[in-house]
Amino acid sequence: MPNNPIRVSAGLVLLVGPPASGKSSFLRALIALGQIDADAVVSSDEIRAEFFGSSPTDVDSEAADARIFEERDRRIVARLAAGRTAVAESTNVTPQARARLIAIARRFNAPVTMLRFDPDVADLLQQYTQRGRTDLTAAEVRAYATAMARHGDRDRLRFEGADAVHDVPGRRQGATPAEAAAQFSFSWRPDPS
C-alpha cells in the first residue's frame with residue numbers, strides 16, 4: 001500500500017463509470033486485499049443474474065431494470081439502517097441514478113464517497129470486447145461513456161452531494177486493478193461474521 005493511501009470513509013460508496021471501465025475488477029481486488037468485505041458490495045449485475053440468470057436479453061428491459069434497482073436500493077437501505085457500509089456497484093453515470101442513492105444515504109446520515117472510473121473510450125471498448133457481454137452493444141457502451149463525460153466530472157459529483165470524490169486509476173494510468181486497489185484504504189471495519 002502506498003505511504004499515503006486515499007482514505008474512504010464508512011457510509012455509501014458509489015462507483016461511477018461506464019460498463020467495462022474496471023469497477024468489478026477493482027472490487028475483486030479490494031476484496032482479495034481484505035480492504036472490504038464481499039457482503040458490502042451491492043451489484044446490479046449480480047442482482048440481474050440472481051433474478052434472470054445468464055440470459056438477460058430475454059427479459060423486458062424496463063421492467064427488469066426497475067425490479068433490479070428496487071432490489072439494489074432495498075439491500076443498500078438494509079445495510080445503512082444496520083450501520084454498515086454499502087458499495088453501490090452499478091454505472092451511476094447519470095445525475096438521476098446518483099440522486100436516488102444519495103437520497104437513501106441522507107436518510108441514514110451516511111456520508112457519500114464516489115469513486116470515478118473514467119477510462120479512455122478506446123480502452124473501454126477493448127475491455128468491453130474482451131468481456132464478451134451480450135446484454136450491451138458497443139454503441140450503448142459509447143453512450144454510457146458520453147454520459148460519464150457529460151455528467152461525471154469531479155465538481156459535478158461534489159455539487160450533487162458527494163462528501164468525497166476520488167479517481168480510480170486504470171489502463172490509461174498503467175494501473176492494474178490490484179495496483180489501483182492498493183492506493184485506497186477503507187476506514188471501516190468488515191462486517192462481523
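This is a predicted model: local features need pLDDT of at least 70, side-chain atom pairs count only at pLDDT 80 or more; totals for chains, interfaces and linings use all residues.
**Overall form**

The chain holds 8 helices and 7 strands, taken as DSSP runs (H or I of at least four residues for helices, E of at least two for strands) and numbered from the N terminus. Its radius of gyration is 16 Å, close to the 16 Å that the globule rule gives for 193 residues, so the chain is as compact as a globular protein of that length; the radius is taken over C-alpha atoms, and the rule is 2.2 Å times the number of residues to the power 0.38. Along its principal axes the C-alpha trace spans about 40 × 35 × 35 Å. Of the contacts (heavy atoms within 4.5 Å) between residues at least 6 apart in sequence, 79% join residues at least 24 apart.

**The sheet**

An open sheet is formed by 5 strands in the order E3-E4-E2-E5-E6, with parallel pairing. Strands E3 and E6 (164-167) are the edge strands, each pairing on one side only. Neighbouring strands of this sheet are turned by 20 degrees against each other on average, direction ignored. Helix H1 packs on the sheet, where it touches E2, E3, E4 and E5, and its direction makes about 150 degrees with that of E4; axes here are lines fitted to C-alpha atoms, for helices over the stretch in contact, and angles run from 0 to 180 degrees between N-to-C directions.

| Strands | Bridges | Residue and partner |
|---|---|---|
| E2 and E5 | 5 bridges | Leu12 and Val112 |
| E2 and E4 | 3 bridges | Leu14 and Ala88 |

The 21 residues of helix H3 (residues 61-81) should span 30 Å at 1.5 Å a residue, and the end C-alpha atoms are 30 Å apart, which agrees; the expected span is 1.5 Å times one less than the number of residues. Ala64, Ile68, Glu71, Arg72, Asp73, Ile76, Arg79 and Leu80 are buried in this helix, and what covers them includes strands E2, E3 and E4 together with helices H2 (44-52) and H4 (95-107). H3 is followed by Gly83, whose phi is positive, near 80 degrees. Arg84, in the loop between H3 and E4, is partly exposed with a relative accessible area of 33%. Arg84 and Ala40 are 44 residues apart in sequence and 7.8 Å apart in space, C-alpha to C-alpha.

**Ser21**

Ser21 lies in the loop between E2 and helix H1 (23-32) and counts as buried at 10% relative accessibility. Its side chain makes a polar contact with the side chain of Lys23 (3.4 Å), a polar contact being a pair of N or O atoms within 3.5 Å of which, within protein, one must be able to donate a hydrogen and the other to accept it, with residues adjacent in sequence counting only if both atoms are side-chain atoms. Not counting residues up to four places away in sequence, Ser21 touches Phe117, Pro119, Leu124 and Gln127.

Notes. Residues are numbered from 1 along each chain as its sequence is written. Side-chain values use heavy atoms; hydrogens and water are left out. Buried means under 20% relative accessible area, exposed over 50%, partly exposed in between (1.4 Å probe, protein chains only). Two strands pair if DSSP finds at least two bridges between them.
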